[in-house]
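Please find below a note on the protein chain shown here, arranged as numbered points. Each point may be read beside the sequence and the model.

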Amino acid sequence: MKKVCTLMLQRNCPEVSERAAEHIQKWNGDLTDFFVVESGSDDNKIYSGPEGVFHANWPEAKENGLRIPKGFNYGILESYKLNKDYDYYAIMT
């Protein structure tokens, strides 16, 4: 089991999320699971790649986005629901 969960907070930039996902999986995929916390307002610009996505799709999040505290708290909460016992979290924007 992987000990690290990497969370990337993102909004309406699927290309950036895809490049980050590819890079993390290529160089650190054996150490970490990678998830995008997506709070996009434009449904055509939401990351939906093969890596995990936690989509904050409630109205306030879609309108205003998620800032760092709420965004990462949401990502950590969603990762707990996966029942994977991570020892560490790496966060990135």
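**Note on the fold**

1. Five bridges connect strand E1 with strand E4, and the two strands run parallel. Helices (H or I, at least four residues) and strands (E, at least two) are DSSP runs, numbered from the N terminus, and two strands count as paired if DSSP finds at least two bridges between them. Within this pairing, Val4 lies opposite Tyr88 in E4.

2. The model is a predicted one, in which local features need pLDDT of at least 70 and side-chain atom pairs count only at pLDDT 80 or more, while totals for chains, interfaces and linings use all residues. Residues are numbered from 1 along each chain as its sequence is written, and side-chain values use heavy atoms, with hydrogens and water left out.

3. E1 (residues 4-10) is also joined to E2 (residues 32-38), by seven bridges, again in a parallel arrangement. Leu7 faces Phe35 of E2, and Cys5 has Asp33 as its bridge partner in E2.

4. Taken as a whole, the sheet is open and has four strands in the order E3-E2-E1-E4, with parallel pairing. Strands E3 (52-55) and E4 (88-92) are at the edges with a single partner strand each, so one side of each has no neighbour in the sheet. From one strand to the next, the twist averages 25°.

5. How many helices and strands does the protein chain have? There are three helices and four strands, and along the sequence they follow the pattern β-α-β-β-α-α-β. The radius of gyration (taken over C-alpha atoms) is 12 Å, close to the 12 Å from the globule rule (2.2 Å times the number of residues to the power 0.38) for 93 residues, so the chain is as compact as a globular protein of that length.

6. Helix H1 (residues 14-28) lies across E1, E2 and E4, and runs at about 170° to E2. Axes are lines fitted to C-alpha atoms, for helices over the stretch in contact (heavy atoms within 4.5 Å), and angles run from 0 to 180 degrees between N-to-C directions. Helix H3 (residues 68-80) lies across E1, E2, E3 and E4, at about 140° to E1.

7. E1, H1 and E2 form a right-handed β-α-β unit. Right-handed here describes a crossover whose path from the first strand over the helix to the second runs clockwise, with the strands pointing away from the viewer.

8. Is strand E1 largely enclosed or left open? Six of its seven residues are buried (under 20% relative accessible area, with a 1.4 Å probe and protein chains only), so E1 is largely enclosed by the rest of the structure.

9. The largest nonpolar core has 12 residues, including Cys5, Leu7, Leu9, Phe35, Val37 and Phe72. Such a core is a set of buried Ala, Val, Leu, Ile, Met, Phe, Trp, Tyr and Cys residues joined through side-chain atoms within 4.5 Å. E1, E2 and H3 each supply at least two residues of this core, and the largest share, three residues, comes from E1. Another core, of seven residues, lies apart from it, and Met8, Ala21, Val36 and Tyr47 are among its members.

10. Leaving aside residues up to four places away in sequence, Phe72 touches Leu7, Leu9, Ile91, Met92 and Thr93.

Methods. Buried < 20%, exposed > 50% of the residue type's maximum accessible area, 1.4 Å probe, protein only.
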